[in-house]
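Please look through the structure shown below, and keep it in view while reading the report that follows.

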Amino acid sequence: MLTKITILILLAGLFGAPLLAQTGRQSDPKVNIAFNRYYDHAEIGDLLRRMEKAWPEFLSLSSIGKSHEGRDIWLMTIQNKKTGAEFEKAAMYIDGNIHGNEVQASEVCIYTIWYLMENYGKLEEVTKVVDERVFYIAPSVNPDGRDYWFHRANTSSSSRSGTQPTDNDGDGLFDEDGPEDLDGDGSITRMRKKVAKGGTHKLDPEDPRFMIRVKAGEEGDYILLGSEGIDNDADGRKNEDGIGGYDMNRNNPTDWQPNYIQRGAGWYPFSKNEPRAVGAFVKAHPNIAAGQSYHNSGGMILRGPGNAKIPEYPRGDLAVYDEIGRKGERILPFYRYMIIHKDLYNVHGGFVNFLAEGLGIVSFTNELWSNPRYFMSKDRKPDDRKAFNDLVMLGGFYKNWSPFTHPEYGEIEIGGWNKWSSRQNPGFTLEETCHRNCAFSLLHAKEMPLVVMDDHKIEALGDGLFRVRVTLKNERLIPSRTAHASKYKCGLPDFVELRGGRVVAAGRVTGRYPNERIVPIEKDLARVRLESGIGSKAKVTVEWIVEGRAPYEVEFRSQKGGAIRRSLKIP
């Protein structure tokens, strides 16, 4: 008699391979990349070149500029040239790592390139989006800050800036007093000193690795001395003027404000090499209809406006943002769809605000790491980070206190959270973050405008005159010209043009039969301007009265919605 175990073994032998195939097992990838680890700037360049070599028919790698220290700002263009010209397709711009410490943003960008290429021809949705769209992906727009974070001691939040020397403390000197890794462990942690009296803190009785402030009237055993470092410029302060000190995400022209209003803004818009290079690229590519910037902490899907004084986006555009943002919350567990100025803080001169408010491009910022992911629960506890460090990371995020002789403070102790402990994804969580955020960007890319000729009709009117009527349809969520772009004249309007014969009258058709009417145009009759573009999943009908029996050609051209051409024959 066969036992249940024997039957299961036989079934596994008979059906194991087909079951694996049905559940999505794939052959080895063409380019092997590990997405449970991080890469510095040189390694990113190597990965990008490997992918370009593997898929030369789709990928083109370029440098759009140099960082302050001379590193290339790499950008990968993804385009299927066989399905249309680059500037006749809607494009999506994606970048990451504008802040040097926000390292996982680059891996998400690299994963997006890799995933699109590995699955082209295998997954229908991937194949369609590559055939119909263009992608511009810049994995690291702050390569100096990235390498400084990897190769020098930092906290989770430091190395946010670029590395151009900056006088942060107003003493006429530049970068003269930054933190030092006194104990040589690769991170900037904290300093404390045990004192006989006057202490402000004591050991936490529940966990003596940590300090708690004493109550009023109570004497503590320790004073806290801040981050590791010494007073290099002998001004009575320490660590007040480290590397850089400006914010590339405050150096863009839209709603730029000077430093006394917006800290880190730089001397003037685009005064820094890296934002200037990105801005020049974006302006030179008016086909960009969607923007995505990846940052690193908070679990957020952010949209503008960045400043409370900037008017809210037009209602039609808000419907687009809301639909993509709400779907994003489903794609990205523990993320919240939020408004920058309302739900976070005011940002002047931010990059996605330059895209959205300056250029009328539908744009988001995603903050990648989310603290609820410690234990995959929205039910957060105060000790989640400590418990995650102890139970999951096996102590890898925390440096136990150790003695050190400080040149100013004498005998002290150094310890605390290391630079991997709070804002960056632990390696084992990185690939899921990459894939889910890639999926969000591809949802956004799919919803960029896609205009088709929905219908056309040619009718003889007599005396050599013909009525030519064409209906254009935008099949996707994002308009071919956003309401914001139309209102503030960002970029050019759309055009639909008739060639062949002599046009004697033209106009847009509004309403529906039998109540339709023609809104005539008065000049340049063959070329009808569509100031508002073609709306979200909407149609536009244009009519010409033409003299001359000839083949006609209709061309639609839109900076964001691509171009289509159709030859029309008289029946």
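## Two helices side by side

At what angle do helix α2 and helix α3 pack, and how far apart are their axes? In this predicted model, helix α2, which covers residues 41-54, packs against helix α3, which covers residues 104-119, at an angle of about 10°, and their axes are 11 Å apart. Angles under 35 degrees count as roughly parallel, and α2 and α3 are therefore described as roughly parallel to each other.

On the side of α2, the contact is made by I44, L47, L48 and M51, while α3 brings S106, I110, I113 and W114 to it. Sorted by class, the residues of this contact between α2 and α3 are seven nonpolar and one polar, with no charged residue.

## The open sheet

Eight strands make up an open sheet with mixed pairing, and their order across the sheet is β1-β2-β4-β3-β9-β12-β10-β11. Because β1 (59-66) and β11 (336-339) stand at the edges and have a single partner strand each, one side of each is left without a neighbour in the sheet. On average, and with direction ignored, neighbouring strands of this sheet are turned by 20° against each other.

Within the sheet, strand β9 (residues 288-297) and strand β12 (residues 362-369) run parallel and are joined by seven bridges. As an example to find in the structure, G291 has S363 in β12 as its bridge partner. Helix α9, made of residues 351-359, lies across β3 (91-96), β9 and β12, and this helix runs at about 160° to β12.

## A hairpin

Strand β13 (residues 398-406) and strand β14 (residues 410-417) run antiparallel, and seven bridges join them. The hairpin that links β13 to β14 passes through three residues, and K399 stands opposite G416 in β14.

## The largest pocket

Rolling a probe the size of a water molecule over the atoms shows where empty space is left. In this model, the largest pocket holds about 780 Å³ of space. It is lined by 30 residues, of which S158, S159, P179, G242 and I243 are the closest to its centre.

Which classes of residue make up the lining of the largest pocket? The lining has 14 polar and ten charged residues, together with six nonpolar ones.

Terms used
Residues are numbered from 1 along each chain as its sequence is written. This is a predicted model: local features need pLDDT of at least 70, side-chain atom pairs count only at pLDDT 80 or more; totals for chains, interfaces and linings use all residues. Side-chain values use heavy atoms; hydrogens and water are left out. Two strands pair if DSSP finds at least two bridges between them. Helices (H or I, at least four residues) and strands (E, at least two) are DSSP runs, numbered from the N terminus. Axes are lines fitted to C-alpha atoms, for helices over the stretch in contact, and angles run from 0 to 180 degrees between N-to-C directions. Contact means heavy atoms within 4.5 Å. On a 1 Å grid over the protein atoms alone, a cavity is a set of points where a 1.4 Å probe fits but cannot get out, and a pocket is an open set with protein on both sides within 12 Å along at least five of seven lines; lining residues have an atom within 4 Å of a point. Grid points are joined across faces, edges and corners, and a volume is the space filled by probe spheres set on the points. Ala, Val, Leu, Ile, Met, Phe, Trp, Tyr, Cys and Pro count as nonpolar, Asp, Glu, Lys and Arg as charged, and the others, Gly among them, as polar. Angles under 35 degrees count as roughly parallel, over 145 as roughly antiparallel, 65 to 115 as roughly perpendicular and the rest as oblique.
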